[in-house]
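Here is a short report on one protein model.

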Amino acid sequence: MSHGDSYSQGVDRSLVTNYRPVSLSSVVCKQMEHVIASYVRQVWDKNDWLYEGQHGFRPGYSGESQVITVCQDIADSLDNGDKIDAIIGDFSKAFDLVPHGRLLTKFPNSVVDSRAVVWIREFLLGRTQRFRMEGQLPAEVRVTSVVPLGSVLDPLLFLAYVNDIWRSMESTIRLFDEDCVIYRKIINNADMEKLQKSLDRLEEWAVENAMKINPNKSKAIRFTRARVKDPLNYSLLGTLIPEANSCKYLGIIFRSDLSWADQVNYAMKKAWKALHFTMRILKKLIVIPKV
């Protein structure tokens with residue numbers, strides 16, 4: 001295995017933590033992965049095993065379908081004169097933290113044939129990796145976590161790992177990849193307490209499954225058309241979640257009144273920026289003929 005490039009532009013390339021190992025498999029292994037992946041998907045679809053609130057890495061689902069579903073839930077409540085409190089956050093480097101041993105304990109409950117589970121176990125266990133730095137190649141080290149980046153099974157293994165996150169939740173939780181949103185219609189203080197209990201359960205699940213949630217990067221927002229709003233007091237890991245009047249979820253800016261003004265302005269700025277860049281390039285390409 002060798003290290004991959006950094007996830008996105010603008011990160012410090014000198015930090016090892018900004019890199020992920022990439023799984024390099026033979027053609028035969030890749031073909032077998034496709035066979036296993038196709039079988040697992042068929043079994044899960046036939047038995048409706050995957051949580052319906054997970055829209056990542058699934059045929060027929062997408063970030064757009066997730067946004068539409070969340071928006072519809074919020075809009076229906078606002079149209080009825082109700083309000084919804086939502087917590088938007090994500091798991092920090094979730095793919096890197098999946099422990100193989102814990103992952104394998106979840107497959108027996110997924111109605112997948114035991115022979116396929118054995119193959120996945122052999123595929124994961126016994127992996128090693130090493131990094132070449134400044135011409136030096138240190139000794140190999142065992143890999144006991146990380147969903148193999150670049151493998152065909154990569155997304156399916158992650159779906160299996162987080163599939164039980166919704167259990168014991170008293171509020172709606174929706175997932176897309178590492179992003180999640182938890183929300184609940186708020187009628188009285190009891191509903192706020194139930195939403196906090198759902199956050200507590202999420203925290204417990206993260207601890208049990210070696211996942212990390214950063215409360216400082218999460219946002220609490222109340223969707224309502226009322227002008228006067230009470231302050232929100234939700235917490236994760238003993239830290240108060242910052243409150244916001246708008247937040248970005250899956251690339252879309254949500255405002256507390258569900259107005260799309262901020263999203264429209266953001267899209268227009270991006271469009272103008274792209275247009276100006278194109279015009280500058282075209283001006284440089286224009287050749288003025290000599291008279």
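Helices (H or I, at least four residues) and strands (E, at least two) are DSSP runs, numbered from the N terminus. This is a predicted model: local features need pLDDT of at least 70, side-chain atom pairs count only at pLDDT 80 or more, and totals for chains, interfaces and linings use all residues. Residues are numbered from 1 along each chain as its sequence is written, and side-chain values use heavy atoms, with hydrogens and water left out.

**Overall**

The protein chain has 8 helices and 12 strands. Of its 291 residues, 40% are buried. Buried means under 20% relative accessible area, exposed over 50%, partly exposed in between (1.4 Å probe, protein chains only). Contact means heavy atoms within 4.5 Å. Among contacts with a separation of 6 or more, 67% join residues 24 or more positions apart.

**Helix α5**

Helix α5 spans residues 114–124, and its buried residues are Ala116, Val117, Ile120, Phe123 and Leu124. They lie on the same side of α5 because they cover an arc of only 120° around the axis. That arc is taken from the directions from the helix axis to the C-beta atoms. Their cover includes α1 (27–47), α4 (100–104) and α6 (154–162). The face turned away from the buried side carries exposed Ser114 and Arg115. At the start of α5, a side-chain oxygen of Asp113 comes within 2.8 Å of the backbone nitrogen of Arg115. Just after α5, Gly126 has a positive phi of about 80°.

Most residues other than glycine have a negative phi. Two exceptions are tabulated here.

| Residue | Phi | Relative accessible area |
|---|---|---|
| Asp48 | near 50° | 66%, exposed |
| Phe57 | near 60° | 33%, partly exposed |

Asp48 sits in the loop between α1 and α2 (63–79). Phe57 lies in the loop between α1 and α2.

**Gln196**

Is Gln196 buried or exposed? Gln196 counts as buried, because its relative accessibility is 16%. Its place is in helix α7 (residues 189–208). Leaving aside residues up to four places away in sequence, Gln196 touches Asn233, Tyr234 and Ser235.

**Largest pocket**

The largest pocket holds about 230 Å³ of space. A pocket is an open set of points on a 1 Å grid over the protein atoms alone, where a 1.4 Å probe fits, with protein on both sides within 12 Å along at least five of seven lines; lining residues have an atom within 4 Å of a point. The lining consists of Asp90, Phe91, Ser92, Lys93, Asp177, Glu178, Asp179 and Lys217.

How values were computed: A polar contact is a pair of N or O atoms within 3.5 Å; within protein, one must be able to donate a hydrogen and the other to accept it, and residues adjacent in sequence count only if both atoms are side-chain atoms. Grid points are joined across faces, edges and corners, and a volume is the space filled by probe spheres set on the points.
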